[in-house]
Amino acid sequence: LPYLTNRGKGCCAMAKRLGKLQAFLREQKLDALLIKSKTMKKYMDTLTGSGCQILLMRDQGYLIVDGRYLVEANEREHDLQIVQHMPHTGGNGYLGVVEELLHKHACTSMGVESSQQLVKEYWRMEALGVDICLLDEEIHMLRICKDEEEQRLMQEAVDITDDIYQSVIHHLHIGMSEYEISALLQYYAISAGAAQMSFETIVGTGERSALPHGRPTGRKIRAHEPILMDFGIQYKNYQSDMTRVCFIGKPKPEIASIYHIVLEAQLAGIQAMKQGAVANEVDNAARSIIARKGYGEYFTHGLGHGLGIGDGCEYPILNETSTVVLQNGMMMSCEPGIYLPGIGGIRIEDDVVIRDGIGVAMNRTSKELLILKEDAAHEV
């Protein structure tokens with residue numbers, strides 16, 4: 001194998017993650033762990049390209065790359081031994097390198113991320129001569145509690161997200177399209193240093209605000225109707241997620257009423273987020289308020305999901321069936337909603353971290369009903 005000497009000084013954050021993952025190997029009674037997902041590569045602060053794979057043993061770690069990533073790997077990676085494989089010369093590709101390294105270290109078992117395996121690749125892994133262990137929830141649980149550095153980075157992402165919203169609402173006016181709102185959110189996000197949006201931005205105005213995952217269209221803002229924005233940014237690998245609803249001109253009474261119901265439920269959900277609380281009990285704290293007001297059937301999703309580095313939902317999941325026990329350092333959204341078909345919907349969402357035993361909202365953007373003036377939407 002063409003092992004390449006790493007250059008440069010060590011990276012403390014990387015070493016910390018490496019130690020945590022090697023402890024995970026011991027806990028799972030595995031000799032090796034193969035990492036392919038972009039999420040876990042970000043978690044280790046290493047290269048995330050499709051031609052980069054990580055193979056960890058209990059006392060050693062390797063970054064397996066093809067030639068496209070070799071220069072960058074030598075510049076950036078200081079804690080994993082770099083190994084190049086030749087993807088266009090036949091053979092077993094990167095798995096050929098994995099096989100040699102497993103045999104070199106006398107490994108008899110290897111964990112793999114089940115969500116990353118194609119069936120044909122899994123068949124090839126079964127021929128490597130070691131026991132293959134599919135890991136799913138175990139990987140999620142590995143990241144579920146965020147350390148102080150992660151909380152700090154996430155707070156930076158949330159702060160920027162708050163600022164983006166404040167910038168965008170100053171541009172809202174009658175006749176502006178949902179596409180334009182989405183474009184402004186992305187413009188201010190990238191201008192502020194975001195690598196990209198956390199997910200495809202959700203913008204819904206009027207009756208389209210009743211679509212929980214409604215994507216922006218050419219529909220234009222009208223007076224007195226909900227303007228729902230659900231967006232987040234990826235900043236230093238951490239992903240925020242926030243939803244607010246505002247209005248240009250006073251909303252109709254029913255929409256104003258459900259706004260206050262959702263806000264009451266959202267505050268109750270945050271209050272229920274405590275160390276030792278069970279996830280489904282937290283969901284019920286918010287859901288029961290909406291149900292008592294007669295809108296239970298119109299709250300059609302779970303209360304929240306985990307936040308952090310994941311490209312998609314992290315753990316914990318907050319819904320009616322989840323039995324995860326909340327702990328300090330867990331980070332999650334709190335986003336109840338009421339969606340009335342053909343009329344409109346309200347969702348209010350904060351990012352929340354459990355700190356010193358209690359849930360703390362990380363967003364500072366006000367959740368009071370916001371009415372912008374019809375003649376000068378930039379004035380609040």
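This is a predicted model: local features need pLDDT of at least 70, side-chain atom pairs count only at pLDDT 80 or more; totals for chains, interfaces and linings use all residues.
User: What makes α9 and α10 roughly antiparallel to each other?

Analyst: Their packing angle is about 160°, with the axes 8 Å apart. An angle over 145 degrees counts as roughly antiparallel, and α9 and α10 are therefore described that way. The crossing of α9 past α10 is right-handed.

User: Which residues of α9 and α10 meet?

Analyst: From α9 these are Ile 261, Glu 264, Ala 265, Ala 268, Gly 269 and Ala 272; from α10 they are Val 282, Ala 285, Ala 286, Ile 289 and Ile 290.

User: Which residues touch the most other members of the largest nonpolar core?

Analyst: Met 273, Leu 318, Leu 326, Ile 338 and Ile 346 do, in a core of 37 residues. Several elements each supply at least two residues, including β13 (242–248), α10 (279–292) and β19 (350–355). The largest share, nine residues, comes from α9. Another core, of 33 residues, lies apart from this one and has Leu 63, Ile 82, Leu 153 and Leu 307 among its residues. In soluble globular proteins, nonpolar side chains tend to be buried together.

User: Why is Cys 107 called buried?

Analyst: Cys 107 has 9% relative accessibility. Buried means under 20%, so Cys 107 counts as buried. Cys 246, at 0%, also counts as buried.

User: How do you know that Cys 107 is in no disulfide?

Analyst: The nearest cysteine sulfur, that of Cys 133, is 14 Å away. A disulfide needs the two sulfur atoms within 2.5 Å, so Cys 107 is in none. A search of the whole structure finds zero disulfides.

User: Why is Lys 29 called exposed, and why is His 224 called partly exposed?

Analyst: The relative accessible area of Lys 29 is 67%. Exposed means over 50%, so Lys 29 is exposed. For His 224 the value is 34%.

User: What is the phi of Lys 29, and what is that of His 224?

Analyst: Phi is near 55° for Lys 29 and about 75° for His 224. Both values are positive, and neither residue is a glycine. Lys 29 lies in the loop between α1 (12–27) and β2 (32–35), and His 224 in the loop between β9 (202–205) and β10 (227–231). Most residues other than glycine have a negative phi.

Note on methods: Residues are numbered from 1 along each chain as its sequence is written. Side-chain values use heavy atoms; hydrogens and water are left out. A nonpolar core is a set of buried Ala, Val, Leu, Ile, Met, Phe, Trp, Tyr and Cys residues joined through side-chain atoms within 4.5 Å. Buried means under 20% relative accessible area, exposed over 50%, partly exposed in between (1.4 Å probe, protein chains only). Helices (H or I, at least four residues) and strands (E, at least two) are DSSP runs, numbered from the N terminus. Axes are lines fitted to C-alpha atoms, for helices over the stretch in contact, and angles run from 0 to 180 degrees between N-to-C directions. Angles under 35 degrees count as roughly parallel, over 145 as roughly antiparallel, 65 to 115 as roughly perpendicular and the rest as oblique. A crossing is left-handed if the near helix is turned anticlockwise from the far one by less than a right angle, and right-handed if clockwise. Contact means heavy atoms within 4.5 Å.
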